[in-house]
Amino acid sequence: MDIKIVATEAEGANIALEMVKKQLIQNPQSTFGLATGSSPLAFYKALTDSDLDFTKAISINLDEYVGLSEDNPQSYHYFMKENLFNKKPFKKNYLPNGMASDLEVETKQYDQIIANNPIDLQILGIGRNGHIGFNEPGTPFNSGTHVVDLTESTIEANSRFFANENEVPKQAISMGLGSIQKSKKIILFAYGETKAKAIQGCVSDPVTTNVPASILQNLDDVTLIIDDSAAKFIKK
Ligand code: GLP
């Protein structure tokens, strides 16, 4: 793992921007795995401020809440449009459909999309309990796209984006850990002390399904972009 400790999110965003630039030079038709949440926001701003061209590239997002439509401001579709896609058009953007009438069929179709478009560069954040995407603790490392019952801690952490905790959907569709680990390159952003325990589990503790992000220790090309507070408990 390449761990970059940065002073600001803007500094972290620039490191990732350079990696994306290289990827697009290598292959303008690259597939980017994308994440939501506050951690990649500075990075998306750097992308939209840049002159990078994504019109031949494909994006595949990690997850979406069950029951929220694309035009719901709390949906991940909406988040991605607001923060990236409206300003940087891609050839094609894929996100799971949280409104699908048959969620099992939707998960199978999403796995097919990922199989047809192998991910060159995956962007990740990390939950306080070490989840990536919405792969909560206990998720098998070989999982495909699946419907997730969100844990109490995730519902509580994500309630800051909703009027109150009761409005946070209880389920989501998430790309599985089996798919995430097939990405050729991964960049994970984590900022602030609330992420310090999760980063310790991701980097320093033994690999375990109790901390889904610990799976990254098994992979070849992972860059962690974190600040001092998130790095607090890792052995330097
Ligand atoms: C959600 C998302 C994750 C994200 C996590 C952390 O649960 N499904 O993809 O990494 O939140 O979010 P934040 O970056 O806002 O702390």
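Modeller: Two strands count as paired if DSSP finds at least two bridges between them. The model discussed here is predicted.

Biologist: In β10, which residue is the bridge partner of D2?

Modeller: Strand β1 covers residues 2–6, and five bridges join β1 to β10, residues 222–227. The two strands run parallel. For D2, the bridge partner in β10 is T223.

Biologist: Which strands stand at the edges of the sheet, and why is one side of each left without a neighbour?

Modeller: The sheet is open, has seven strands and pairs them in parallel, in the order β1-β10-β9-β6-β2-β3-β5. Each edge strand has a single partner strand, so one side of it is left without a neighbour in the sheet. The edge strands are β1 and β5.

Biologist: What angle does the direction of helix α1 make with that of β9?

Modeller: Helix α1, residues 9–26, packs on the sheet. Among the strands it touches are β1, β2 and β9. With the direction of β9, that of α1 makes an angle of about 165°.

Biologist: Which helix lies across β3 and β5?

Modeller: Strand β3 spans residues 58–61, and the helix runs at about 140° to it. The helix is made of residues 103–116 and is α4.

Biologist: Does P118 count as buried, partly exposed or exposed, and which is it at its relative accessibility?

Modeller: P118 sits in the loop between α4 and β6. Beyond its neighbours within four places in sequence, P118 is in contact with T31 and K184. Its relative accessibility is 46%, and the range between 20% and 50% is the middle class. P118 is therefore partly exposed.

Terms used. Residues are numbered from 1 along each chain as its sequence is written. This is a predicted model: local features need pLDDT of at least 70, side-chain atom pairs count only at pLDDT 80 or more; totals for chains, interfaces and linings use all residues. Side-chain values use heavy atoms; hydrogens and water are left out. Helices (H or I, at least four residues) and strands (E, at least two) are DSSP runs, numbered from the N terminus. Contact means heavy atoms within 4.5 Å. Axes are lines fitted to C-alpha atoms, for helices over the stretch in contact, and angles run from 0 to 180 degrees between N-to-C directions. Buried means under 20% relative accessible area, exposed over 50%, partly exposed in between (1.4 Å probe, protein chains only).
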